[in-house]
Amino acid sequence: MALVHIDGDDLVVVIEGLDKLWALKSSLTIPLVNVRGATADPGIAADPKGIRAPGAHVPGVITAGTFHLDGEKVFWDVKDPSKTVVIELADERYARLVLQVDNPRATVALVENALR
């Protein structure tokens, strides 16, 4: 699971627990000017992931790490698709972050309010 918060002009994502190991990342910091928006999207877990490099993908268990799909890099950290949030980015290493969070609605509201 990931914790998402705003620190000044940055969106900060902290990867928790063993997900750090599977995702090969402990945190991501993205300038808010490069965040385009966020949506709760439990259905994305069924979409193609692309080529895993590096990371872990065990269908129905965990998707974590960097995945390459259609020329884009997407960061995943999801075990429970019902709690998935997608954060769209511009001019960043990743085109989007697909994250499991404790409260998807609150996370989307946090990101959207920070962009206003």
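Mentor: Let us begin with a single residue. Not counting residues up to four places away in sequence, E16 touches M1 and L3, where contact means heavy atoms within 4.5 Å. This is a predicted model, in which local features need pLDDT of at least 70 and side-chain atom pairs count only at pLDDT 80 or more, while totals for chains, interfaces and linings use all residues. Residues are numbered from 1 along each chain as its sequence is written, and side-chain values use heavy atoms, with hydrogens and water left out.

Trainee: Where does E16 lie?

Mentor: E16 is in the loop between β2 and α1 (19-23). Helices (H or I, at least four residues) and strands (E, at least two) are DSSP runs, numbered from the N terminus. E16 and L3 are 13 residues apart in sequence, and their C-alpha atoms are 7.4 Å apart in space.

Trainee: Is E16 buried, exposed or partly exposed?

Mentor: Buried means under 20% relative accessible area, exposed over 50%, and partly exposed in between (1.4 Å probe, protein chains only). E16 has a relative accessibility of 32% and therefore counts as partly exposed.

Trainee: Which strands form an open sheet, and in what order?

Mentor: Strands of a sheet pair through backbone hydrogen bonds, either parallel or antiparallel. Two strands are taken to pair if DSSP finds at least two bridges between them. Here three strands make an open sheet in the order β1-β2-β3, with antiparallel pairing. Because β1 and β3 stand at the edges with a single partner strand each, one side of each has no neighbour in the sheet. From one strand to the next, the twist averages 20°. Five bridges pair β2 with β3 in the antiparallel sense, and D10 stands opposite P31 in β3. The helix α2 packs on this sheet, touching β1 and β2, and its direction makes about 20° with that of β1. For such angles, axes are lines fitted to C-alpha atoms, for helices over the stretch in contact, and the angles run from 0 to 180 degrees between N-to-C directions.

Trainee: Which residues of α2 are buried?

Mentor: They are P104, T107, V108 and V111. Seen down the axis of α2, these buried residues fall within an arc of 100°, so they line one face of the helix; the arc is that of the directions from the helix axis to the C-beta atoms. Among the elements that cover them are β1, β2, β4 and β8. At the start of α2, a side-chain oxygen of N103 comes to within 3.3 Å of the backbone nitrogen of R105.

Trainee: How many residues has the largest nonpolar core?

Mentor: A nonpolar core is a set of buried Ala, Val, Leu, Ile, Met, Phe, Trp, Tyr and Cys residues joined through side-chain atoms within 4.5 Å. The largest one has 23 residues, and those with the most contacts inside it are L11, V13, V35, F75, I87, L97 and L99. The elements giving two or more residues to this core include β1 (2-7), β2 (10-15), β6 (62-69) and α2 (104-114). A second, separate core has seven residues, among them V74, W76, V86 and V98.

Trainee: Why is β6 described as largely enclosed?

Mentor: Six of its eight residues are buried, so β6 is largely enclosed by the rest of the structure. Strand β5 (residues 51-58) pairs with β6 in the antiparallel sense over six bridges; there, I51 has H68 as its bridge partner. These two strands form a hairpin with three residues between them, and G60 in the turn has a positive phi of about 80°. Strand β7 (residues 72-78) runs antiparallel to β6 and is joined to it by seven bridges. In that hairpin, with two residues between the strands, D70 takes a positive phi near 55°.

Trainee: Which side chain makes a polar contact with that of T66?

Mentor: A polar contact is a pair of N or O atoms within 3.5 Å; within protein, one must be able to donate a hydrogen and the other to accept it, and residues adjacent in sequence count only if both atoms are side-chain atoms. The side chain of T66 makes such a contact, of 2.9 Å, with that of Y94. T66 lies in β6 and is buried, with a relative accessible area of 4%.
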